[in-house]
Each structure stands twice: as structure tokens, then as C-alpha cells.
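Hi,

Here is the model I promised to pass on.

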Amino acid sequence: MQNRNVYLTFLLSIILVIPRVSVAELMIEITQGADSAIPIAVVPFANKSTKAIPQDIRKIIAEDLQRSGEFDPLATNRMLSLPTSAKEVYYRDWRLLKQNFLLIGGIEYSEYTKTYKIEYQLFDVNQQKRVVGEVVSGGEKSLRDLAHHISDAIYEAVTGIRGAFSTKISFITHQKSVNGKDEYRLQVADADGQRSFTLLKTSEPILSTSWSPDGKKLAYVSFESNRPAVYTHVIATGKRQLVSAHKGLNGAPAWSPDGKSLSLTLSKDGNAEIYRLDLATSKLTRLTRHYAIDTEASWSPDGRQLVFTSDRSGSPQVYRMNINDQTPERLTFKGRYNSRPRFSDDGQSIFYVHRSQGSFNIATLNLDTGNELTLTDTSLDESPSLAPNDRMLIYSTQRGRKGVLAVVSVDGRSKYFLPAEFGDVREPAWSPFLK
């Protein structure tokens with residue numbers, strides 16, 4: 001019992017520490033690309049009106065595609081021509097530059113409607129044909145949204161996989177206010193770290209954010225009442241609801257796939273166990289029963305299973321449990337520390353924190369084959385969260401004495417960082433696809 005109390009104290013000391021941070025937008029710092037990335041030329045979009053375009057559409061699209069690790073955009077200064085229509089495309093020029101695909105487009109502004117119309121076309125250089133094209137429009141504030149939409153369309157047309165550039169991320173920041181007091185913020189931003197805004201500001205820690213399946217709400221733990229409590233928060237309106245404030249621990253909220261329930265870690269009965277909370281009725285159903293610490297649950301895509309962390313084997317390991325029969329099955333055996341598991345969207349793999357030779361890294365386990373792969377190589381990686389297309393994974397890590405966010409491809413071949421200009425960032429969560 002004494003060892004378990006020591007472990008519980010250690011666990012709480014880990015989750016309560018959230019370093020200081022600026023609330024500035026996150027920056028993109030690509031450090032590793034895949035050798036097999038697809039060459040693509042994204043030509044600057046022609047301005048077909050007299051009004052200056054406030055966003056560089058070409059730059060946003062090229063950076064989106066490069067961040068995915070699956071594309072290698074050609075630098076503009078290496079281009080032999082800058083076509084803006086199909087009749088200006090000379091495939092031999094792009095073959096000389098060894099480009100597989102070519103993206104061109106133009107932007108037109110209407111003074112009457114105060115909107116921008118963007119027309120784009122993607123060409124397959126080797127097959128000498130148009131692959132996809134579209135006309136999209138919107139106001140000035142939606143220009144980045146339109147660019148991300150185009151990136152999604154290009155990504156899907158080439159790879160056959162839905163793009164996730166139009167999604168969002170949430171993360172926790174911490175800074176000292178002008179009077180020296182702690183200031184914690186729950187922030188939401190585009191997937192590239194831009195256009196961040198504060199959803200909640202408090203003087204007490206916030207942690208464990210989780211997106212609802214429709215992308216309209218976040219669940220999280222807040223200590224604003226000087227003890228842990230779980231809230232849900234409507235992003236568009238700011239409406240909050242306290243959903244769990246029992247005695248002891250209230251933590252690790254995770255939405256069920258149908259959005260009707262949350263899994264929670266509660267210690268109201270004296271031990272850290274996993275419960276299911278029905279959000280409509282507030283009914284609690286206890287799912288685990290063991291003297292060990294059970295926490296950090298994640299739902300399978302079909303809602304029939306949970307994976308979670310438990311120290312019932314003597315050290316933190318990942319377990320899987322069917323919701324109906326509630327019989328846990330241990331999944332991880334390599335190493336003495338494996339925690340914070342998350343299901344892939346197809347349910348075939350899990351991603352989790354794995355400790356090896358003193359370092360905490362992000363690893364993946366294929367549930368069918370049992371194959372394991374360590375994806376990261378920094379020393380203090382935590383809080384993995386998958387993009388909804390299962391291609392990239394965001395997590396927090398340490399660079400020097402600074403906490404930053406990082407993104408790695410699920411095969412480990414490409415990687416980039418999203419540091420803030422000042423301070424540290426923690427607890428990222430990637431949104432689902434947004435309508």
C-alpha cells in the first residue's frame with residue numbers, strides 16, 4: 001500500500017506541473033522530412049484584381065503539404081515559369097524539374113460582394129492531365145480556411161486519404177501576469193498553430209483536454225476551485241458545464257464516439273478507477289475494479305472497447321477492456337513504463353508514451369500483428385494525440401529547458417515542431433474533422 005501511495009503522489013506531481021508560456025501563435029519549425037516525399041510545384045496564385053491579397057495563399061498551401069511529410073514543394077525561385085491557366089502549362093518544363101504534380105491558381109476580389117474567389121487546378125505532370133480543380137470563395141477572414149481547404153483537396157486527390165489541414169488543435173499555456181500571478185490558458189488554434197485564441201483563462205492549472213466527436217466542445221480538468229473538476233466547454237459560445245466534481249480525483253476525460261458519454265478517472269470510492277458518465281442523465285457506471293490505479297482511458301472507434309493505463313502489474317502498462325464484460329487484457333510488455341494510450345481512428349493501432357533507457361518517447365503498437373515502433377527520439381515526450389486521418393500525431397516534448405509541441409508522422413519519417421515565441425506549451429489535443 002505504501003508503494004502505491006508513493007506512485008499516486010508521483011503521478012499527481014507529474015500531471016500538475018504545467019510550465020510557463022506565452023500566448024503567442026505557434027511557429028512552424030520543420031526538422032525532418034521523408035525521403036520519399038512527392039515533388040510538387042505550387043505556383044504563386046495570380047492576383048486578378050487591383051486589391052492586394054492579405055494572405056499568401058501559395059505559401060499556406062505549400063507549408064501545409066510540406067508539414068504532412070508526404071510532399072516536397074518546389075521553391076519558387078527554381079521554377080522556370082509561373083503559369084496561371086491550363087494553356088500556359090508546359091509539362092516538359094516541370095518534368096525537367098522532376099516534379100510529379102503542378103498546382104496553379106488565381107484570386108479575384110469583388111468590391112460588390114467583398115469576397116475573394118479562388119480558382120485552382122492540379123495537374124499530373126507525368127500523365128499530362130488535370131487531376132482536380134475547383135472555385136471557392138469567402139471573405140477576408142476566411143482566406144486561410146480556403147487555403148487549408150485547397151490543401152485538403154490536393155492531399156486527398158494525390159494520396160486517396162482525407163486531408164486534415166482544416167482541423168484545429170487545443171493546448172495549455174501558462175505564464176506570469178504583470179502582477180506576478182499564475183495565468184493558465186486553454187487555447188485553440190488552426191492545425192498549423194496559427195490564429196490561436198483563448199477559450200479559458202484561470203489562475204489555477206488546466207489539463208487533459210479532449211475534443212467532442214463533432215468538434216464543437218472540449219472537455220478538460222480545471223483546478224479553479226482549488227481541487228480537480230471536469231468541465232465541458234462549447235467553443236463557439238463559451239458556455240461551460242461542470243460535469244464531475246466528486247471528492248478526490250476527477251480526471252482524464254475522454255468523449256465516447258457517439259458524444260453521449262465521457263470516460264473519467266475518479267477516486268470517489270477511495271481508489272483511482274475508470275467510470276463512464278452519461279452526459280444526459282449524469283449517471284455514473286464504474287468500469288474497472290482493482291486496487292491498482294486505473295486511468296487515462298481512450299475509446300475504440302466503435303465505442304465497444306477502452307484502452308487505459310494501469311499499474312496492476314507493478315508498473316504503468318497499457319490494458320484493453322471490452323465495455324460489456326469489463327475484463328482487462330494487458331497489451332504492452334516491453335519496458336516498465338507505458339501510459340496514456342490512444343486508439344487510431346481505424347482501431348488497428350494504439351499510440352502511447354513508452355519509457356526506454358531513461359527517455360520518455362511516443363510509440364505505436366499494431367493490435368493485429370503486435371509490432372511496436374518508437375516514433376520519437378527526444379527525452380521527455382508526452383500527451384500524444386492523433387490527427388483524424390491517422391497520418392500525423394501531435395505531442396508535447398522538451399527542447400532544452402523549454403516545453404514545445406511537436407508533430408511526427410505515424411511512420412516516424414517526418415517531424416516538425418510548433419514552439420511558442422516565449423515559454424512552454426503542453427497538453428495538445430487534435431480535433432476531429434470539422435464540418
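This is a predicted model: local features need pLDDT of at least 70, side-chain atom pairs count only at pLDDT 80 or more; totals for chains, interfaces and linings use all residues.

**Helix α2 and its ends**

Asp 56 caps the N-terminal end of α2, with a side-chain oxygen 3.3 Å from the backbone nitrogen of Arg 58. Residues are numbered from 1 along each chain as its sequence is written, and side-chain values use heavy atoms, with hydrogens and water left out. Helices (H or I, at least four residues) and strands (E, at least two) are DSSP runs, numbered from the N terminus.

Back to α2, which covers residues 57-67 and is mostly covered itself: eight of its eleven residues are buried. Buried here means under 20% relative accessible area, exposed means over 50%, and partly exposed is in between (1.4 Å probe, protein chains only). The buried set is Ile 57, Arg 58, Ile 60, Ile 61, Ala 62, Asp 64, Leu 65 and Arg 67. After the helix comes Gly 69, with a positive phi near 80°.

**The cores and α4**

The largest nonpolar core has 26 residues, and Phe 45, Ile 61, Leu 103, Ile 118 and Ile 150 touch the most other members. (A nonpolar core is a set of buried Ala, Val, Leu, Ile, Met, Phe, Trp, Tyr and Cys residues joined through side-chain atoms within 4.5 Å.) At least two residues of this core come from each of β2 (38-42), α2, β5 (101-110), β6 (115-124) and α4 (143-159).

What does Ile 150 contact, leaving aside its neighbours within four places in sequence? The list is Phe 45, Ile 61, Leu 103, Ile 118, Tyr 120 and Val 136, where contact means heavy atoms within 4.5 Å. There is also a second, separate core of 16 residues, which includes Ala 164, Ala 189, Met 392 and Leu 418.

As for the geometry of α4, its 17 residues should span 24 Å at 1.5 Å a residue, and its end C-alpha atoms are 24 Å apart, which agrees. The expected span is 1.5 Å times one less than the number of residues. Buried residues in α4 include Leu 143, Arg 144, His 148, Ile 150, Asp 152 and Tyr 155. Like α2, which is followed by Gly 69 with its positive phi, α4 is followed by a glycine with positive phi, Gly 160, near 80°.

**Around β8**

Strand β8 (residues 168-176) is largely enclosed by the rest of the structure, because seven of its nine residues are buried. Nine bridges join β8 to β9, and the two run antiparallel; strands count as paired if DSSP finds at least two bridges between them. Within that pairing, His 174 stands opposite Tyr 184 in β9. The two strands form a hairpin with five residues between them, and Gly 180 in the turn has a positive phi of about 85°.

β8 also pairs with β31 (residues 425-430), in the antiparallel sense over four bridges, and there Ser 170 stands opposite Ala 429.

Gln 187 is buried, at 1% relative accessible area, and a polar contact of 3.0 Å joins its side chain to that of Thr 173. A polar contact is a pair of N or O atoms within 3.5 Å; within protein, one must be able to donate a hydrogen and the other to accept it, and residues adjacent in sequence count only if both atoms are side-chain atoms.

**An open sheet**

Four strands make an open sheet in the order β15-β16-β17-β18, with antiparallel pairing. β15 (250-255) and β18 (284-286) stand at the edges with a single partner strand each, so one side of each has no neighbour in the sheet. Four bridges join β15 to β16 (residues 261-266), and Asn 250 stands opposite Leu 266.

**Two positive phi values outside glycine**

Asn 226 has a positive phi of about 70° although it is not a glycine. Asn 226 sits in the loop between β12 (217-222) and β13 (229-234) and counts as exposed at 64% relative accessibility. Asp 390, also not a glycine, has a positive phi of about 65°. Its loop runs between β27 (382-386) and β28 (392-399), and at 15% relative accessibility Asp 390 counts as buried.

Cheers
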